[in-house]
Amino acid sequence: MPSRYATVSFLSDYGHADEFVGVVHSVIRTLAPEVRVVDLVHDLAPHDVRAASLALVRAVQYVAPGLVLAVVDPGVATARRALVVEVGDGEGAFVGPDNGLLAPAVALSGGASRAFELTNLEYQLAAPGPTFAGRDIFAPAAAHLCNGVDPAVLGPEVDPYGLLPGLIPLPRREDGVLVTEVLWIDRYGNCQLNAGPEEIADWGDRLSLGLGNDRVRTATLVRAYGDLAPGQVGLVVDAYGMLSIAFDRRNAADELGISVGGSVVLDVPA
Amino acid sequence: MPSRYATVSFLSDYGHADEFVGVVHSVIRTLAPEVRVVDLVHDLAPHDVRAASLALVRAVQYVAPGLVLAVVDPGVATARRALVVEVGDGEGAFVGPDNGLLAPAVALSGGASRAFELTNLEYQLAAPGPTFAGRDIFAPAAAHLCNGVDPAVLGPEVDPYGLLPGLIPLPRREDGVLVTEVLWIDRYGNCQLNAGPEEIADWGDRLSLGLGNDRVRTATLVRAYGDLAPGQVGLVVDAYGMLSIAFDRRNAADELGISVGGSVVLDVPA
Amino acid sequence: MPSRYATVSFLSDYGHADEFVGVVHSVIRTLAPEVRVVDLVHDLAPHDVRAASLALVRAVQYVAPGLVLAVVDPGVATARRALVVEVGDGEGAFVGPDNGLLAPAVALSGGASRAFELTNLEYQLAAPGPTFAGRDIFAPAAAHLCNGVDPAVLGPEVDPYGLLPGLIPLPRREDGVLVTEVLWIDRYGNCQLNAGPEEIADWGDRLSLGLGNDRVRTATLVRAYGDLAPGQVGLVVDAYGMLSIAFDRRNAADELGISVGGSVVLDVPA
């Protein structure tokens, strides 16, 4: 049987304090020894399907050809479906729970061509309890698929257009202002908004940021963090083409009290 | 010399804030370039040999065929022995300090067939100070063993039954209740007890949990976290077949003030 | 084109909460599938070029033959140069920003033989914003160099002696005492000083540590952490040959209120 996928790109909320990530690697290494596993990220907030789906969206255009294994699965062992979703007629595949985690990245990858539910126990590990589907269901499925196993033997085909959607909020215009939402705060404290620079193309290079509770700050549009003076609030077009609130070498989220999901109102300064 | 082990499964308390894990990988990559290193877990609590031995016990049945490198070593450079322990007549091996870390996993792997103390300086890295045995003693030993070096050249043979035991506490029955101990709290806050469901087979699906200081909560036996109502305390049979105290998408350890090593008394509700 | 480097040893301040490290791995895996990436460390303090340069200095003599990719880059997208620096006539190479991060490790590796600025857009990824040079500039350069691409095609040659130096502080003698600086506090709380044991060769095995604000503690020179009694302050020659303030199984930095960059005055006890 010819090998089908050479790389598994693996994302989860398993963190690093426990051996969950290592055990998933171990299962894949045992079942598909030649496959390389690339860890995308595992320290996502526990159970945060939306944050995980956004991280996957940011990463997916860069992942190596092959299979994406994504496991943020608060509904493990309930009725939520475990799926493999093929994209590009099987050039790539996504394995994970059908809870909104996969759908946005699948769409960005050209949409699902086929999908199958992972129900065939012959391709799963027997376990004394059902709470670690990453180890018992998803990792074995990923390994077998890499080995060239036909996804159709893993379980029944399901509607490839029927994935639970992951909702990504859109910015909205309201009385001349742009109401945005904070999608992501990265390790450095940069706050990515759900709006690109085209939304404020004619607004000049100084904007007012409404941060809630009557807190308003003025931000300057700059190209690089290092273009900001100490303490100056910046708006940068980040590496994904989105507007991001930033300081130079300081944590904007901490300094400004910004949280993921919070709203930021962009306006021309008074 | 034929290669002997293709995979090193690596566990430590080195954490990720320093380059310790990376340097161990580097030493192995330099000495045994073809070997794949699988990181099991490194963010265990510093110096916590018991937590590490339990993580190894949970992981060991899933590790890829080969060698396990386990380093939690508060006694580094003292009289504690550095060992390689063969299991299954050399089909597998464990390398690490003899401080209780290895013994439970070795036992689970069928017991030691041979053991050798790592004393031969020719198979170690010279170092200006003795505090990083992972880099200087254990990683080179693991790499050389993978390369097919006979463990007998690494140092004198020692009694394979003489490993320092790692003690795993047993639950006990007392006046009709079951006194358990919290073995492990995972990233999600689920609290694994040292008792399986067979201990409470006839007790019904509602139990009382005595948490100390007269705190008592009622827990419901469920199959999945998602079967719990918001705020409801659950008992789940976890992925290792042990009872685990859990909430749905909330951190049971934080909510209930539970710590590793604490005692939980299971009883039929009044 | 023959492969040139088989291993990329990767250090950054990207942390593990985001997918930055995974995306860099993904880019390398896509462009140079056979290359192995060894993660040295990524949880360095954000933007802390000095801490990163010291970690690289500690690790560099152990890295596998090949290329070092080091990215701590607060000046991303400003005038700071992106470089590849060859050492040993191209036996090894360093890729990263020219901000003091690379220079000490390059010097330890025998000095730069050639250096080139990474300006050729054909060997970079196009991106909607310039803030993730690790993904768009450094990882592609590393991958192409591994593949055997001549560094001269990546951009103009620059003076190999012109790297921005990374300054490592020296201890100084002052009125019979030795004034040292804390270079590094590791995960265990051990505090590495910028002085080796040769600086205090005749001082006996008990020393006084001046910790600032009139706080003075007596420390005992020991070989191993485990040679210390509970609560006893120790000085150990660490795995890099430097003096390190330590406790047995306790966090010296926390117990003694020591911070990186702080000064510690060594003296003979009164």
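**Entry 1: the handedness of a crossing**

Before looking at any pair of helices, I wrote down that a crossing is called right-handed if the near helix is turned clockwise from the far one by less than a right angle, and left-handed if the turn is anticlockwise. I also noted that the model I am reading is a predicted one.

With that in hand I looked up H1(B) and H4(B), and their crossing turned out to be right-handed.

**Entry 2: how H1 and H4 pack in chain B**

I reminded myself that two packed helices are described by the angle between their axes and the distance between the axes. In chain B, helix H1 covers residues 20-31 and helix H4 covers residues 133-146, and I found that they pack at an angle of about 40° while their axes lie 9 Å apart.

Next I asked which residues of H1(B) and H4(B) meet. On the side of H1(B) I listed B:Val23, B:Val24, B:Val27, B:Ile28 and B:Leu31, and facing them from H4(B) I listed B:Gly134, B:Arg135, B:Ala139, B:Pro140, B:Ala143 and B:His144. Sorted by class, this contact holds eight nonpolar residues, two polar ones and one charged one.

**Entry 3: a closer look at H4 of chain B**

I then followed H4(B) along its length, and its 14 residues reach 18 Å from the first C-alpha to the last, which is close to the 20 Å expected at 1.5 Å a residue. The helix is not straight throughout, for I found a bend of about 30° at B:Ala139, with a proline, B:Pro140, following within four residues.

Just after H4(B) I came to B:Gly148, which takes a positive phi of about 100°.

**Entry 4: chain A**

For the chain as a whole I counted five helices and 15 strands in chain A, and its C-alpha trace spans about 65 × 35 × 30 Å along the principal axes. Of its 270 residues, 59% count as buried. Finally, among contacts in chain A between residues at least 6 apart in sequence, I recorded that 67% join residues at least 24 apart.

How values were computed
Residues numbered from 1 in each chain as written. Chains lettered and ligands numbered in written order. Predicted model: local features only at pLDDT ≥ 70, side-chain atom pairs only at ≥ 80, totals over all residues. Heavy atoms only, no water. Axes fitted to C-alpha atoms, helices over the stretch in contact; angles between N-to-C directions. Helix = DSSP H or I, 4+ residues; strand = E, 2+ residues; numbered from the N terminus. Contact = heavy atoms within 4.5 Å. Nonpolar A, V, L, I, M, F, W, Y, C, P; charged D, E, K, R; others polar. Expected span 1.5 Å × (residues − 1). Bend = angle between axes of the 7 residues up to and from the residue. Buried < 20%, exposed > 50% of the residue type's maximum accessible area, 1.4 Å probe, protein only.
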